Amino acid sequence: MKKYDFDNIADRKGTFCVKHDMTREVFGTDDLLPMWVADMDFKTPDFILEAITKRCSHEVLGYTFAPDSYKMAVLNWFQHRYGIATKWNRMHFIPGIVQGIAFALQTFTRPGDKVLITTPVYPPFINVPHRTGRVFVSSPLKTEEGRFTINFEDFERKAEGCKILILSNPHNPGGRVWTKEELSQVADICLRKRVLVISDEIHADLTFPAHRHTSFSTVSEAAEHNSITFFAPSKTFNMAGLASSVCYVPDEGIRRAFFGFLDNNELSLGNIFGYYAAEAAFAHGEEWLRQLLSYLQGNIDAAESYLRTHCPEVTFMRPEASFLLWMDFRLWNLPQKELARRLVFDAKIGLNNGTDFGPEGEGFMRMNIGTNRATVLEGLRRIASVRG
Ligand SMILES: Cc1ncc(COP(=O)(O)O)c(C=O)c1O
């Protein structure tokens, strides 16, 4: 069996990549270790690169529709990984999940309508509704035993009058893999309050073996008939630069409205490389993913151990999925602005600012450990070097 080498990362600088090449624009300096935006520094797996290269050996890159072999690979992955046995006519290509969420907002809400989110959360869940004239209503998550939980009393109250819930399942930035029981409660409340659920499952495949991802529509009939679910291979296989997402809409009425919007706006044709890459990922990716998760788990263990020894007042929520650490700097007792300044200009490390995820992010930062262990430890060393 091939052993993948995650210690040997690519030099991404100079490839117009957001993480390494947009640091001046985002942080005001290039002189930092970028551990922010959520893609990984690992090489995109060879079987994906080979599939794209092979397609390039044909001389024409014209309009291309979804190949049957691609659809089969997606459907098999769905059945095998999420227990969803379905047909392609319930799925649709989506250029990107954030765009998909924006399309759903366009389809099912109007400016002035209320959209429910649980904060802290991935910033576009706040920004897209806000910038398109919707009103976001936030139900802050609770922290219990070092992990986020939903405050269902507050959630139910806030759901009143909302049209849509945008749910990060699993959760970014906290790494929570919501349980079937939690999701059933969400489904029941949303059905009662007539809130359509958008379940963003982009991090699902990065769930660590001790946890089990539950796809939202599978928790109950209520959930199946009141949801749109988005998936993508982009985080899992480090191919976020390709448009390769899909949505799954089991309810006929919701599907007619949503797919109608997509088709009427000519959003149905994907791109060649997205199809070929996704097919290769789903057809050949199991073993690579297994080894990736094991490596990431090692990074999390190493980070925990490093901080415990060298900077014990800084802690993080142990993620149940994915490669993002929600780090708690509150014991440094600094205003957010000064915390951010100190990390960027003194420690020379680029993390995501906690307050971008909602006001509950005050005193927090998000660190991306989707890189090799040496870089993770170097990032932590830089953080520890500017302790007060
Ligand atoms: C929860 C979540 N949804 C969506 C995205 C981005 O998806 P896309 O690039 O397909 O728009 C991210 C990226 O970090 C994410 O964390």
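How many helices and how many strands does the protein chain have? The protein chain has 14 helices and 15 strands; helices (H or I, at least four residues) and strands (E, at least two) are DSSP runs, numbered from the N terminus. Please note that this is a predicted model, in which local features need pLDDT of at least 70 and side-chain atom pairs count only at pLDDT 80 or more, while totals for chains, interfaces and linings use all residues. Residues are numbered from 1 along each chain as its sequence is written.

Let me begin with the overall form. A compact globule of 388 residues would have a radius of gyration near 21 Å, and the protein chain agrees, with 21 Å. That radius is taken over C-alpha atoms, and the globule rule is 2.2 Å times the number of residues to the power 0.38. Along the principal axes, the C-alpha atoms fill a box of roughly 55 × 55 × 40 Å.

I turn now to the domains. The assignment, which is automatic or from a database, gives domain 1 (18–45 + 286–384) and domain 2 (60–284). Their C-alpha centres lie 25 Å apart. Across the boundary, 24 residues of domain 1 are in contact with 29 residues of domain 2, contact being C-beta atoms, placed from the backbone, within 7 Å. On the side of domain 1 that touches domain 2, helix H12 (286–310) and strand S12 (324–328) each give two or more residues. The largest share, three residues, comes from H12.

What lies between the domains? The largest nonpolar core has 112 residues, and Ile164, Leu165, Val197, Ile198 and Ala277 have the most contacts inside it. Such a core is a set of buried Ala, Val, Leu, Ile, Met, Phe, Trp, Tyr and Cys residues joined through C-beta atoms within 7 Å. Buried means that 20 or more other C-beta atoms, placed from the backbone, lie within 10 Å of the residue's own. Helix H11 (residues 272–284) supplies the largest share of this core, eight residues. Domain 1 and domain 2 both give residues to the core, so it lies between them. As one example, leucine 165 is in contact with Leu116, Cys190, Val195, Val197 and Ile198, leaving aside neighbours within four places in sequence.

Finally, the ligand. Which residues come nearest to the ligand? Of the 13 residues around it, these are Ala38, Gly96, Ile97, Val98 and Asn172; a residue counts as near if its C-beta atom, placed from the backbone, lies within 6 Å.

Definitions and conventions
A residue is buried if 20 or more other C-beta atoms lie within 10 Å of its own, exposed if 12 or fewer, and partly exposed in between; C-beta atoms are placed from the backbone. Two residues are in contact if their C-beta atoms, placed from the backbone, lie within 7 Å.
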